[in-house]
Structures are given as structure tokens and as C-alpha cells.
Amino acid sequence: MAGKKCISVSIFLMVLGMLLTPLLARQIDDIACPEALLSLLPCLPFLQGTGPPTPPGNCCTGLSNLNQKANTPQIRKDVCNCLKPAASRFGVKADRSKQLPQLCNINLSVPFDPSVDCNSVQ
């Protein structure tokens, strides 16, 4: 059973890598877009509505770390422009994304909402 779980995780990571490949060249100042996405990977089951009703601790840690790195208006806009299409691609539910900051007790500097206008981010 553990072997099947390991294979499933490996396949998931391989597919994720293929999805992220077009984003590898895109750098968000000090944060690479794939780095931003990977920091939120533990949040994905919660954000898709397939996981528990609350985000796991490592999700909140990743969100907090990303939030700390997004320390200028331009970085925040760039992070927003990275996350927004990914949210659509990965089937993130808007209601879950809006709940995430509150459930993680984080005051986000970047709105975590798939419908946000990234140009309005300060």
C-alpha cells in the first residue's frame, strides 16, 4: 500500500512539473513563479474542495512564507499574475481561496482570489 502511495505522489509531482514548465522562465523579482506555486501546493486539496474543511499547517506555513516575500507592490502584482491563471488551471474554488487567509490567520498582502484584478494590487 505504501508503494502505491509513493507512486501516486511521484506521478502527481511529475504532472505538476509538466504543468509548471512553461512558467519556469518567469521570475517574480526574488520569487520564481514555480516557487510561489510550490509553496502553495499543500493547500491544493483544500482549495479544490477535495481535502479537509481546514487547510493543513504546511499550507499555512507556505502561504505565510510567500506573503513575507511579496514585500513590494510590484512583487505582489507579479505573484498575483502567477497565481491567478494557476488557480483557474488547477480548479481552485473561489470560496475556498477567500477563506484561506482567515483560516491560516494571515493578513495577506496579495488578494488570494481568482477573480482579482492583479493590476489593482498594491
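The side chains of Lys-69 and Glu-35 come together in a salt bridge, 2.4 Å from N to O. The term stands for a side-chain nitrogen of Lys or Arg within 4 Å of a carboxyl oxygen of Asp or Glu, and by this rule the count comes to one. The pair links distant parts of the chain, 34 residues apart: Lys-69 belongs to helix 4 (residues 57-69) and Glu-35 to helix 2 (residues 33-39). Helices here are DSSP runs of H or I with at least four residues, strands are runs of E with at least two, and both are numbered from the N terminus.

How exposed are the two partners? Lys-69 is partly exposed at 38% relative accessibility, and Glu-35 is partly exposed too, at 32%. (Buried means under 20% relative accessible area, exposed over 50%, and partly exposed in between, with a 1.4 Å probe and protein chains only.)

## About the model

This is a predicted model, in which local features need pLDDT of at least 70 and side-chain atom pairs count only at pLDDT 80 or more, while totals for chains, interfaces and linings use all residues. Residues are numbered from 1 along each chain as its sequence is written, and side-chain values use heavy atoms, leaving out hydrogens and water.

## Helix 4 and its two sides

Let's look along helix 4 itself. Its 13 residues should span 18 Å at 1.5 Å a residue, and the end C-alpha atoms are 19 Å apart, which agrees; the expected span is 1.5 Å times one less than the number of residues.

Which residues of helix 4 are buried? They are Cys-59, Cys-60, Gly-62, Leu-63, Leu-66 and Asn-67. An α-helix has 3.6 residues a turn, so residues three or four places apart point the same way. The cover over the buried residues of helix 4 includes strand 2 (31-32), helix 2, helix 5 (73-89) and helix 6, where contact means heavy atoms within 4.5 Å. On the face turned away from the buried side sit the exposed residues Gly-57 and Gln-68.

## Helix 6 and the segment after it

Ser-97 lies in helix 6 (residues 94-103) and is buried, with a relative accessible area of 1%. A polar atom of the Ser-97 side chain is 2.8 Å from the backbone oxygen of Ala-94.

Asn-105 is in the segment after helix 6 and is exposed, at 71% relative accessible area. Its phi is near 55 degrees, a positive value in a residue other than glycine. Most residues other than glycine have a negative phi.

Technical notes. Polar contact = N/O pair within 3.5 Å; in protein donor to acceptor, adjacent residues only side chain to side chain.
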